[in-house]
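Keep the structure open as you read.

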Amino acid sequence: MSEERGKGATILATLRSRISGGDYRPGYNLPPQRALAEEFEVSRDTIQRVLEELKTEGWIESRRGSGSKVRATLPIHVTTQPKVPAGRIALGPFVARVFAQPVVELDVFTFTSESLDTQVRVQADAIRNGQIAAPERIELRMLLPSESIELPYPRARGAKGAADDDVKELDRILQARTRELIRRHTSSLRDALRNLKTDKLVPDVDVTVREVPLVPTHKLYLRRGVEALIGPYKIVERRILMDDDTAIDAWDVLGLGSTLIRHVKDDGDPSATGSVFMQSWQDWFDSCWHRYEPS
């Protein structure tokens with residue numbers, strides 16, 4: 001029994017991390033209890049206790065017969081430690097630290113901005129609900145792949161014997177869908193932040209997006225001059241469900257909820273590995289930002 005309790009604490013921490021990191025998105029259902037019990041090799045009773053704790057903490061809501069769903073407004077847990085260990089970390093805690101500052105300065109190079117959209121809306125809701133203090137200023141600079149270039153993914157996995165024209169048409173459909181995802185999530189996070197200024201919750205909000213003729217192989221998040229998060233997109237084989245409920249087998253990249261590597265500035269030693277990596281990525285971002293500034 002004590003072993004199950006110990007596993008329960010680990011499962012609770014894992015599920016919290018998955019929700020805050022975007023693996024389980026607001027409004028979406030968690031996996032069924034049976035699936036969680038099998039994954040973590042524990043009893044259904046243990047999973048039920050964990051879910052009840054998540055419900056009490058405000059992470060999920062449950063209805064009989066409907067399973068457990070991630071709440072649209074999540075609780076905010078901001079670390080108060082003066083230093084957060086470098087290494088592997090999820091996006092949620094990073095964005096929470098960014099928004100805990102009086103002046104929010106965030107630079108991002110990403111593919112669709114889906115993960116960032118999720119976390120920004122969590123923080124915007126927290127400001128509205130008084131869960132965290134409203135910053136004096138929010139400045140977000142974001143680089144996205146230009147619409148003038150062809151995206152290398154997703155790509156259709158043509159069935160054996162399929163005509164080239166058929167595969168090209170599927171690729172065209174997938175490209176159009178991806179472009180729409182980029183526009184949707186960019187618009188969503190932009191509106192979430194700008195509305196804070198419109199509603200007089202944050203005095204100054206500046207969200208600027210620039211297109212670059214580059215496609216990221218890694219997602220990059222920079223808390224300007226302080227820390228950097230970088231992580232590769234995973235190339236996966238998956239079935240993509242379209243809006244008309246048809247499905248396309250494709251090679252795609254996934255970044256939502258992925259674990260990132262964190263590099264931190266060391267004020268005491270600018271030659272330290274973390275400082276060098278952080279500054280190198282900041283310099284790279286700044287050079288791209290100015291290189292592709294609209295004329």
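Predicted model: local features only at pLDDT ≥ 70, side-chain atom pairs only at ≥ 80, totals over all residues.

Proline 232 sits in strand β9, which covers residues 227–232. Which residues does proline 232 touch, leaving aside its neighbours within four places in sequence? They are Thr217 and His218. Lysine 219 is worth a look here too: 13 residues separate it from proline 232 in sequence, and the C-alpha to C-alpha distance is 6.3 Å.

Now zoom out to the whole chain. It has seven helices and 12 strands, and 43% of its 295 residues are buried. The accessible surface is about 15800 Å², with carbon and sulfur atoms accounting for 48% of that. As for contacts between residues at least 6 apart in sequence, 72% of them link residues at least 24 apart.

Next, the inside. In soluble globular proteins, nonpolar side chains tend to be buried together. Here the largest nonpolar core has 29 residues, and Phe94, Phe99, Leu116, Ile138, Leu140, Leu193 and Tyr221 make the most contacts inside it. Two or more residues come from each of α4 (91–99), β4 (103–109), α5 (114–128), β5 (137–145), α6 (164–198) and β7 (204–212). Apart from this core lies another, of 17 residues, including Leu12, Tyr24, Ala37 and Ile47.

To finish, click on leucine 140. Not counting residues up to four places away in sequence, leucine 140 touches Leu106, Val108, Leu116, Leu189, Leu193, Asp206, Val207 and Thr208.

Methods. Residues numbered from 1 in each chain as written. Heavy atoms only, no water. Core = buried A, V, L, I, M, F, W, Y, C linked by side-chain atoms within 4.5 Å. Buried < 20%, exposed > 50% of the residue type's maximum accessible area, 1.4 Å probe, protein only. Helix = DSSP H or I, 4+ residues; strand = E, 2+ residues; numbered from the N terminus. Contact = heavy atoms within 4.5 Å. Areas by Shrake-Rupley, 256 points an atom, 1.4 Å probe, with all protein chains shown as cover.
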